[in-house]
Structures are given as C-alpha cells and as structure tokens.
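Try each task before reading its solution.

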Amino acid sequence: MIEMDKAFDFKTAQSRWYATWEAAGTFRADPKSPKQPFSMSLPPPNITGNLHMGHALAYSLPDVLARLKRAQGFDVAWIPGVDHAGIATQIIVERKLKEEGTDRHQLGRDKFLERIWAWKEQNQLDIENQLRRLGASLDWSRKRFTMDPDLNRAVRKVFVEAYAQGRIYRGPRMIQWDPVSRTALSDLEVKHVERQGKLWHLRYPLADGAINGVGDIVVATTRPETMLGDTAVAVHPDDERYTHLIGKLMNHPLTGRQIPLVADGFVDPAFGTGCVKLTPAHDPNDHAAGLRLNLPSITVIGFDAKMTAEAGAYAGLDRFECRKKIVADLDAGGFLVKIEDHTSQVAVSDRTNAVLEPLVSEQWFMNVKDAAQQALQVVREGRITFTPQHHVAVWEHWLNNIQDWCISRQLVWGHRIPAWTCGDCGHLHVELEAPIKCAECNSTKLEQDPDTLDTWFSSALWPFSILGWPDETTDLKRYYPNDVMCTSYDIIFFWVARMVMSGLTWTDQVPFKQVYFNSLVRDESGAKMSKSKGNVIDPLEVMDEFGTDALRFTLISMSAPGTDIALSRTKLESSRNFCNKLWNAARFVQINLTDEVTLNVEPELGEAEFWMIGRMRDVIQKVTAALDEFRFHEAADLLYHLVWDDFCATYIELAKVNLTHGTPAQKAAILHFLDILLRALHPMVPFVTEEIHEAVLSDRLAPGESKLLAERGWPLDHPVLAKQGGDASLIPRLQDILSAFLRLKAENGVDPAKRVAAACTIIELAPFAEALKAIARLESVDFTRGDLASPTRVVGVVSGGTIALELAGLKDPVAEKAKLEKEREKLLKELEPLRARLADESFVTKAPEAAVAKLRGQAEEKEARLDQILALLR
RNA sequence: GGGCGUAUAACUCAGCGGUAGAGUGCUACCUUCACACGGUAGAAGUCCCAGGUUCGAAUCCUGGUACGCCCA
C-alpha cells in the first residue's frame with residue numbers, strides 16, 4: 001500500500017501524472033470509436049510567449065469540459081497548436097539580431113527566416129510543456145502550427161479563391177503604417193491612446209489681400225509637420241463665419257503654394273477656429289475629404305517616418321524633429337498665432353506602441369461585408385450561442401460597421417502572399433502554386449509579392465484547417481464544426497468574428513456551436529496585470545508554490561461569467577487548503593481500510609450513508625447542469641462544500657465509528673463515496689485526485705476498470721447514487737443539536753474537552769448517541785421526552801426540542817435566565833415581520849401558495865421555539 | 001461622442017422577485033487518535049443613491065453617481 005503523507009505533495013504529483021496520461025493515450029481522439037464526438041480547438045498561444053495567467057484561465061476552463069465530456073463517454077478531440085504571431089515574433093528575433101550587431105537586411109530574407117524558424121522550434125517546445133504542466137488534456141498527436149505546410153495550403157486556397165471571387169483585391173488605400181516594424185496594420189491593431197499635446201493656431205494669409213478687414217485664415221492643428229502636404233483649408237459649409245470666404249485662395253506660409261478654402265461637412269466648427277488644414281496624404285479624414293473634393297494629395301512623410309523630398313527644405317528630417325523646426329520657422333515668420341495645451345487621441349501600434357502614420361500605400365484587402373452579415377445572422381438565429389450573452393451587443397455593433405480588412409503585412413515572417421507579377425508585361429498572377437511562366441506573355445521573369453499575410457488570416461481558418469481542410473478528411477467530417485470554443489473576449493473581433501466569417505464562407509458551416517468567453521485575470525485590487533506595473537502573477541511560480549490544482553481550482557471557482565477575476569494569494573491558499581483537505585480525508589479513509597474492502601463489496605448503508613448519498617446525488621446533478629451552462633464557479637463552489645462540509649465535517653465524523661471498527665461492508669460505503677467524489681472533482685483538480693486514486697483506489701477497483709482516474713466515468717449514474725432510504729431529516733437535526741451542545745458549552749464557559757452528562761428530548765436521534773458523545777464530548781446522553789429543566793442543568797432550545805447539559809457546579813441560573821431572555825427577544829424580533837406578513841390579507845391571497853406555506857413553516861418553527869423558551873422561563 | 005459592464009460584510013466575490021451568503025481576515029477558545037494548509041463558537045452588511053412596478057425589490061424598470069472596459 002502506498003503511504004500517504006500528512007500533507008499533499010503537489011510537486012511530485014503534478015510532475016508524474018501528465019506523462020502517464022499522455023503515454024496511455026488518454027487524451028487521444030479516436031475517429032473510429034462508436035462514441036459521440038465532442039470537439040474543441042485550442043486557441044493557439046503565440047510562440048513568442050510564456051504561459052501567462054490569461055492562458056492559465058483560458059486553458060483550465062476548457063480542460064474541465066474536455067475531462068468532463070471524456071468521463072461522460074464522449075470521444076473528445078481537443079486539438080492543440082501554436083500561432084506564428086507574425087509581428088510579435090519578427091520583433092523579438094529582430095531585437096536579438098540587433099544585440100548581435102546585425103539586422104535582417106544584412107542577413108537577407110532567407111537567412112532571417114532560418115533564424116526565426118530555429119527560434120520558433122525552441123519556444124514552441126517551451127509553451128507546449130507549459131500547457132502540459134497546467135494539465136491541459138490535449139490530443140498532442142493532432143497538434144498543429146499555423147505555418148505547417150497543410151495549413152499554408154489552406155491559406156493559399158482561401159486567398160486564391162477569394163481573389164477569383166473578388167473578395168480579395170489589391171490597391172492603393174490609406175492605411176495605418178507602423179514606422180517601427182515597417183508594415184501596414186489593420187484597424188484592429190490600432191490602439192487609441194490619450195496624449196498630452198498642443199494645438200497650434202497658424203495663420204494662412206489670403207492670396208488676394210484682406211476681405212472685410214480679414215487678411216488671413218487661422219487654422220488649428222495638432223500636427224503642424226503635415227502642413228507641407230496641405231492642399232486646402234476646410235470649414236463647415238454652414239459655418240457663417242467663413243461662408244463668404246469659401247473658394248478664396250491662400251498662400252501657404254511655408255511652401256508658397258496657393259491653396260483654396262473649401263467646405264466639407266466633416267469639419268467640426270467647435271474645434272479650434274473652425275478651420276482645419278487639409279492634408280489628404282496624411283490623415284484619414286482629410287484623405288476622404290480630398291477624394292470627395294477632388295484635391296491633390298502630396299506625400300511629405302515617408303515609410304521611414306522621415307520627411308520626403310516633397311518636404312523641400314525639411315526633407316530627411318524625422319517627423320517630430322520637423323515639427324519643432326516648422327513651429328520655430330512659423331513663429332519667426334509671424335505665422336504662429338498661439339499654442340494651446342490639448343489632449344488628443346493618438347493612434348499607436350498595438351504591438352510596438354509606435355505612433356502610427358496614416359499613409360497611402362499599395363496593399364491587399366479583403367471585403368468581408370457579406371460574410372459579416374452571415375456572421376450576424378447565425379448568432380441571431382442561435383446557431384452559435386455566446387456565454388455571457390451580453391457580448392452579442394458588441395458583436396452586432398462591430399460587424400454592422402465592418403470595414404475592408406487590410407491583410408498584407410510588410411513582414412518576412414508569415415504566410416507569403418501567393419501573387420506573382422510578370423517582370424515583362426506586368427500581369428498579376430494569383431495562383432495556388434508558383435507559375436513557371438507568365439500566362440499572358442510567356443515571360444519567366446515572375447516575381448512573388450514580398451509581403452506576408454496578417455497573422456489572423458491563418459488563425460481565421462484554424463478550426464477547420466487543423467482538421468485537414470480543404471481535404472474531406474475523417475477528422476474534418478467527425479470533429480467539425482467544433483462543439484465549443486473557449487476564448488477571451490478581448491479577441492472577439494480579431495479571432496472569433498473572423499473564424500465565424502471564414503467558416504461560413506469556406507465550409508458553409510458555423511465553425512463551432514457555442515462560444516464561452518472567459519474573463520480577464522487581474523491582480524487582487526482589480527488592476528490589469530502589466531509588466532510596467534509590476535503586478536504580474538506568473539502562473540508557473542504559482543504552480544510551484546501552491547500547486548497546479550490550487551491554481552486551477554482558484555481560476556475555476558472565480559469564473560463567474562461576465563466579471564473579471566481578481567486573483568489573490570488568499571484565494572490561492574484557500575484552494576491549496578481545499579486540495580489538502582481532500583487529501584487528508586482520503587488518507588483517513590485509506591488508513592482504516594483493510595485489504596478485503598474494495599469497490600466490489602456491496603456497501604452497507606445506514607442513515608448517515610443515505611444522507612451522504614442524497615447530498616452527493618443532489619450536488620453532482622447540479623454540478624453537471626452548471627458545467628453544461630458554463631457556470632464553472634457554481635460547480636466549483638458546490639463541490640467545495642460537498643467535500644468540506646458534507647463529506648469531511650459531517651459524514652466522516654458520523655462514520656468514524658464504522659470506519660475504525662466497522663465491517664468491510666460498512667467501510668465499502670465510504671470507499672464508494674470517495675470514489676464518487678474523486679471522479680466528480682477530477683476535471684477541476686486532476687493531479688491531486690489522480691494521486692489519491694492511485695493510493696487508495698487503484699488496488700480496489702472493479703474488474704475492467706481503468707487504473708487511471710482520468711479514464712474513469714462521470715459519477716452521475718453511479719449505482720450507489722441511486723440508492724434511496726432512511727429519514728432525510730435526521731442528519732440535519734443531528735447537526736443542529738450537535739452545534740447546540742457545543743454552543744451551550746461555549747456559552748457557559750465549559751472546556752470543550754470536558755465530558756459532561758447531557759440530555760435531549762428528540763428521541764429519534766437516540767441511535768446516534770455514540771456519535772454525539774464523541775463529537776460533542778459528552779459523558780452520556782439521556783434521551784427522554786420529559787421536562788429537562790432542573791437546578792443542576794443548563795438548558796437550550798433547538799428545532800423540535802430541548803437539550804440540556806448537567807453542570808451542577810458551573811451553572812449560573814441568573815446568566816442562564818438572561819440568555820434565555822435574550823433569545824426570547826431575538827425570536828420575537830424575528831417573528832414580528834413574519835406575523836405581520838401572514839396577517840396581511842393581500843399577501844396571503846396574492847402570493848403563490850408555496851411562498852405562503854414556506855413562510856408559515858418558518859413562523860411555526862419559531863413559535864414553537866418561543867413556546868419552549870417561555871416554558872423554561874416560567 | 002456611442003456602447004457594454006460593475007457597485008452586496010474589513011478584503012475578494014457569489015446570489016439576481018419571497019426578506020442576505022461564501023472564501024479570506026477579525027475575536028475567543030481548542031495541538032481531540034485525517035488534516036493547525038485543522039477544529040469549535042462568535043462579531044460584522046441603510047445589498048451605491050433617488051423614484052417607480054409589485055402583496056413583496058439587493059434582485060425588475062427609470063433616472064442619477066462612481067469605477068472599469070470596448071468602439072469612434
């Protein structure tokens with residue numbers, strides 16, 4: 001027999017079991033199995049990352065589902081993988097090159113890619129092993145990487161077909177340019193941050209001299225450096241201050257160019273002076289206005305964020321340096337009217353935090369308007385459900401306002417765009433495979449587009465590409481659509497929306513039926529974890545300090561849908577203590593077992609057993625229902641109290657006599673209960689339960705049962721749970737009087753360990769005399785219907801009777817009377833609203849019968865207690 | 001500017017039409033033969049504010065206030 005230590009050694013347990021499960025193939029899906037399939041795709045973590053607390057949560061919750069479904073008899077396919085994370089990865093490897101004194105341009109595209117692949121191999125292993133440490137029951141035989149050859153094939157197929165259908169097109173458009181990573185970004189990768197800046201008021205002189213005494217137009221701008229590209233000044237058409245000047249020309253203060261005053265509705269008359277300069281090449285609003293008004297566009301800032309040749313004297317300057325110089329020059333020239341402080345929203349890159357430059361550039365785009373409508377439809381129709389539901393509102397808003405998606409990136413790391421341009425005739429070929437020669441002119445001078453696709457382009461295909469799409473594979477037929485997608489709500493647009501759109505477009509099916517959005521994990525004061533704040537809690541450290549099970553249980557029990565999680569040490573301690581409690585309960589059971597006690601022995605059931613069975617049946621039913629609806633916190637809470645309060649505090653205490661001196665049949669009952677509890681808890685705390693299972697149960701199983709708890713069934717239909725019998729009210733009443741005895745002792749200053757004689761009027765509990773004596777430390781218990789009041793006894797009132805302790809020397813009649821009077825007052829106070837409500841005609845007639853009956857029951861109970869107190873006081 | 005969410009015990013949070021709960025902390029006591037990562041008893045709350053609906057509201061509705069997040 002394996003000896004169990006006094007405290008659960010989680011370190012040993014969590015390093016042993018994963019390898020065992022993996023070797024046994026416990027988590028491997030089997031398409032040939034007669035079982036019903038249940039499938040999920042792991043949101044692929046970036047290869048750049050270490051496991052952080054967000055992952056720990058996002059992967060613990062689906063693991064609960066995967067383990068539950070496996071236990072319920074499903075063929076579970078939970079498929080892992082990692083994401084190549086285009087920008088993030090390239091930034092990291094480029095940083096490494098910089099440390100080595102080189103860069104990607106020196107290295108060249110091919111060598112640079114080699115470096116990234118090498119780095120990826122190592123990092124992928126790290127993150128995969130971290131997932132194993134977390135206990136995530138993934139089918140590693142099906143693991144994927146977003147840049148695997150067959151996933152690349154899926155990407156190319158989608159690109160080529162979408163191009164043929166006109167969904168994908170190329171063209172010059174204004175995009176957000178990240179000058180640090182030197183790539184275009186999609187709107188979603190742009191973050192708007194509030195920055196303290198200035199508002200410069202600049203004078204643009206009217207070319208034909210003053211009109212009505214007004215010699216110039218004053219514009220307000222937050223970006224003076226772009227004025228070199230101004231091709232107009234705009235006002236609101238209804239702004240009466242300026243209507244008479246519309247169409248007049250101005251002299252540009254720096255370039256000397258003449259530009260007109262134009263009117264356009266986008267101008268906010270309340271902003272600054274009501275006049276804004278128009279720079280179509282460097283501002284999205286100006287760009288749109290420029291197109292509407294047919295204005296020329298002059299690009300003065302380049303892709304390196306430096307001023308171009310068009311900037312004349314300022315050419316070559318960094319954009320922010322240029323700003324300073326321009327302001328100084330304007331000031332010197334008398335064109336600077338004033339400078340105000342101004343907070344403005346600055347667009348920065350989500351990844352690099354670089355201030356973005358809106359630039360017109362040749363990029364690839366995807367029109368997703370139709371797909372968006374379909375995505376809206378399937379959610380409205382309930383073909384995909386969201387938990388929590390309130391995310392539907394955001395979903396609706398975003399998809400209804402969706403813009404074309406800029407999918408090309410000027411990066412090396414990613415899926416290369418399958419487009420080739422003919423060097424001779426300029427024809428564009430979008431093909432699955434590299435063409436040998438130009439179909440138009442037979443030239444062999446074909447050059448592939450150097451750009452790669454947005455990382456999310458391949459992620460969007462994840463649920464079906466990992467199953468072998470576009471081939472009609474066995475896996476695709478069986479595991480697609482996925483049943484559940486568990487992910488974070490912060491990537492609802494980046495990922496979830498795009499998966500739904502591409503799933504509908506390319507497979508004509510929803511990619512998954514239910515989406516569960518997990519919360520974000522915050523620190524204990526509710527602040528977002530960030531490296532700069534220094535409040536990051538590392539899940540790897542937590543697993544070392546408190547155990548993986550404690551971490552998982554904490555995250556699960558705090559996962560109430562819709563609220564973020566404030567992770568705290570105390571909560572982790574509490575979960576660790578819970579695992580230890582379970583461990584010790586099992587240890588106590590194990591110590592008292594003899595070899596002949598096995599799960600094959602028909603258990604002998606008494607009152608306590610029937611009560612415990614009832615509790616387990618009730619709780620496990622509720623847990624099953626809660627997990628079905630993603631109410632993880634509720635499931636965890638129910639099991640916590642089932643183990644701690646019902647099994648440990650109540651049942652084991654009552655069963656101690658049987659456990660230590662009972663027959664094998666009596667002990668078998670306890671063994672069955674432990675078996676049921678372990679199976680119910682395993683999805684949440686797999687390591688401690690598997691460890692206990694090995695120590696206590698693996699030698700006592702029925703023939704044919706797996707020795708691995710991870711392979712055993714969900715206990716809901718366990719035959720022992722179906723047993724009925726006994727008087728369900730007995731144990732709660734016993735608990736009540738136990739507590740009352742202890743309270744009487746405490747109130748009267750009796751040492752809890754001191755054994756005193758006791759009496760009780762509830763004679764139905766006489767069979768529990770031994771347990772009562774042991775738990776409440778009583779000398780004896782006299783069960784009698786008679787009056788317990790006596791000069792030597794202190795008396796207490798419980799539900800349905802009275803109890804007494806023989807305290808000859810210790811009794812203080814005055815204090816006792818005072819206590820009873822106090823209780824009488826308390827009862828009267830509690831009864832007051834009850835009596836009032838029951839006397840209320842409208843309540844009794846209008847409220848549902850059950851509500852009235854319940855209240856009446858409560859009132860009767862209290863009245864009875866009051867009667868007993870009054871009798872004792874007489 | 002628009003949208004979403006949250007306000008409940010000292011702290012972190014459940015509950016979301018029948019009259020308030022958990023974990024932690026706090027107070028007192030207990031090293032009792034599974035567990036001090038334990039046990040027993042106890043104190044602790046105008047359920048953010050103001051209206052409304054209802055026999056009845058922490059719970060539903062309306063309007064505030066505060067905080068958080070998302071979008072523009």
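**Exercise 1.** By class, how many nonpolar, polar and charged residues are in the lining of the largest cavity?

*Solution.* This is a predicted model: local features need pLDDT of at least 70, side-chain atom pairs count only at pLDDT 80 or more, and totals for chains, interfaces and linings use all residues. Residues are numbered from 1 along each chain as its sequence is written, and side-chain values use heavy atoms, without hydrogens and water.

Step 1: A cavity is a set of points, on a 1 Å grid over the protein atoms alone, where a 1.4 Å probe fits but cannot get out; lining residues have an atom within 4 Å of a point.

Step 2: sort the lining. It has 10 nonpolar, 3 polar and 2 charged residues. Ala, Val, Leu, Ile, Met, Phe, Trp, Tyr, Cys and Pro count as nonpolar, Asp, Glu, Lys and Arg as charged, and the others, Gly among them, as polar.

**Exercise 2.** What is the volume of the largest cavity?

*Solution.* About 130 Å³, where volume is the space filled by probe spheres set on the points, joined across faces, edges and corners. Of its 15 lining residues, Met 366, Val 368, Trp 405, Ser 502 and Trp 506 are the closest to the centre.

**Exercise 3.** Why does the second largest cavity lie between domain 1 and domain 3?

*Solution.* Step 1: take its volume, about 70 Å³.

Step 1: read its lining, which includes Arg 67, Arg 70, Arg 679 and Glu 711.

Step 2: assign domains, with bounds from an automatic or database assignment. Domain 1 (31-156 + 460-518) and domain 3 (553-722) both give residues to this lining, so the cavity lies between them.

Terms used. Chains are lettered from A and ligands numbered from 1 in the order in which they are written. On a 1 Å grid over the protein atoms alone, a cavity is a set of points where a 1.4 Å probe fits but cannot get out, and a pocket is an open set with protein on both sides within 12 Å along at least five of seven lines; lining residues have an atom within 4 Å of a point.
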